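Subject: Structure for you to look at

Hello,

Here is the structure I said I would pass on. Please open it first and keep it in view while you read my notes below.

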Amino acid sequence: MKTNWIDFKALRANLDFAAVLEHYGLTIKSKSKQHHGFCPLPNHNGKRNSPSFSANLERGIFQCFGCGAKGNALEFAALMEKIDPRDGAALREVAAKLQQRFCPDLRGDAPDTKASPTAKPKPVKKPAPESKLPVEVNVPLDFTLQGLDASHPYLLNRGFTPETIVRFGLGYCSRGMLKSRVAIPLHDAVGALVGYAGRVVDDATITEDNPRYRFPGERKRDGKLFEFRKTLFLYNGYRIKAPVDDLIVVEGFTSVWWLDQNGLPDVVATMGADCSERQAELIMSLVKPDGHVWIIPDGDAAGERHAQTLLARISPHRFVRWVKMAEGKQPTDLSDKELKLELLL
Ligand SMILES: [Zn+2]
């Protein structure tokens, strides 16, 4: 059998990942830069009841949080064909097929096998979800909240500049689920808007039924259960140009805004005193192997727990430094100068 010479680099650069995904039966929203959905890989070894699979169509890479598979468009095709991407000869055959179908002009020889321009990709059946009421987690929103008041005193009185407020998309919400709260857009690890958190502006109104922070709830629609899980991503994580030398990890939103405003943009929050295993993985993925993770939790018992959890999960893999706040203090109490001193910048 004749094997064409394949320029893998050129092929990867020219492959339209959305077209490849569609070829394997996935439905891609037009104009979308991201795809989220059930994992289509035949070797996915888990339940297919949550959209664990995400693909960045611009960068041509994919990842499944369920089975851990990740790679580029070529490796995706190989896995769909039940081929081990490490098997060079087999991978070359997959590459040749992809090239013939999607980038016929790239080929340097064997014009006799050139794909007919009318050849249509044959649809592949999408695996059906196993659960009766499928659960979809952190599905990107198809709307954004309008009419948020970015000049609300809650934000301005805390020293946040209009630039910071705009940068994080914050604003007071006067109706709906987030009525009387500051709405905080939440983006998942690949930058898709997956929900809003709402922060009470008048702490005197906080009760068990009216918590300080409200996160998106569970809802049923179209025979599916939609769930939001903050433990699957880091607040501000999508903005970090990974891998970085130094990453700061804080508990809450306000600390992220404050540090960012004070010239420390490489900061993420776990959105609470806990750090899930997934969040720890994400933190490590953002920091170089010889980089540093700086933990700056609040100066209270929850902050202590936050730091201990992070140390346990991350210190075996990265240098970790815990910047202890004085009792009752938060990172937002530190001045620009104090922050830089604490972090030895
Ligand atoms: Zn998978």
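Strand 1 pairs with strand 2 (residues 53-56) in the antiparallel sense, and 4 bridges join them. As an example of that pairing, His36 has Ser54 of strand 2 opposite it. Please keep in mind that this is a predicted model.

The two strands belong to an open sheet of 4 strands, in the order 1-2-3-4, with antiparallel pairing. Its edges are strand 1 (34-37) and strand 4 (70-72), each of which pairs on one side only. On average, neighbouring strands of this sheet are turned by 10 degrees against each other, with direction ignored. Helix 3 (residues 73-80) packs on the sheet and touches strand 3 (61-64) as well as strand 4. The direction of helix 3 makes about 120 degrees with that of strand 4. As background, the strands of a sheet pair through backbone hydrogen bonds, and they can do so in a parallel or an antiparallel way.

The whole chain

The chain has 345 residues, and 34% of them are buried. It contains 10 helices and 15 strands. Its C-alpha atoms fill a box of roughly 75 × 45 × 35 Å along the principal axes. Among contacts with a separation of 6 or more, 59% are between residues 24 or more positions apart.

Domains

The domain assignment divides the chain into domain 1 (8-131), domain 2 (153-228) and domain 3 (237-342). The centres of domain 2 and domain 3, taken over C-alpha atoms, are 21 Å apart. Where these two domains meet, 10 residues of domain 2 are in contact with 7 residues of domain 3. The side of domain 2 that touches domain 3 consists of 5 nonpolar, 4 polar and 1 charged residues.

Cores

The largest nonpolar core has 50 residues. Which of them touch the most other members? They are Leu247, Ile248, Val249, Val268, Ile283 and Val293. Helix 7 (residues 253-261) gives the most to this core, namely 5 residues.

Leaving aside neighbours within four places in sequence, Leu247 is in contact with Ile240, Asp266, Val268, Ile283, Leu286, Val287, Gly291 and Val293. Apart from this core lies another one, of 28 residues, with Ile6, Cys39, Phe53 and Leu91 among them.

Strand 8 (residues 193-200) is mostly covered, with 6 of its 8 residues buried. Strand 8 pairs with strand 7 (residues 181-187) in the antiparallel sense over 7 bridges, and Leu186 has Gly195 in strand 8 as its bridge partner. Strands 7 and 8 form a hairpin with 5 residues between them. In the turn of this hairpin, Gly191 has a positive phi of about 95 degrees. Strand 8 also pairs with strand 9 (residues 213-214), again in the antiparallel sense, over 2 bridges. There, Gly198 stands opposite Arg214 of strand 9.

Backbone details

The peptide bond from Ala242 to Pro243 is cis, and its omega is near -5 degrees. Pro243 is in the loop between strand 11 (224-227) and strand 12 (244-250).

Lys82 has a positive phi of about 60 degrees although it is not a glycine. Lys82 sits in the loop between helix 3 and helix 4 (88-102). Is Lys82 buried or exposed? Lys82 has 10 other C-beta atoms within 10 Å, and the cut-off for exposed is 12 or fewer, so Lys82 is exposed.

Met271 also has a positive phi, near 60 degrees, and is a residue other than glycine. Met271 is found in the loop between strand 13 (267-269) and helix 8 (277-286). Is Met271 buried or exposed? Met271 has 23 C-beta neighbours inside 10 Å, and the cut-off for buried is 20 or more, so Met271 counts as buried.

Regards

Notes: Residues numbered from 1 in each chain as written. Predicted model: local features only at pLDDT ≥ 70, side-chain atom pairs only at ≥ 80, totals over all residues. Pairing = 2+ DSSP bridges. Axes fitted to C-alpha atoms, helices over the stretch in contact; angles between N-to-C directions. Domains from an automatic or database assignment. Nonpolar A, V, L, I, M, F, W, Y, C, P; charged D, E, K, R; others polar. Core = buried A, V, L, I, M, F, W, Y, C linked by C-beta atoms within 7 Å.
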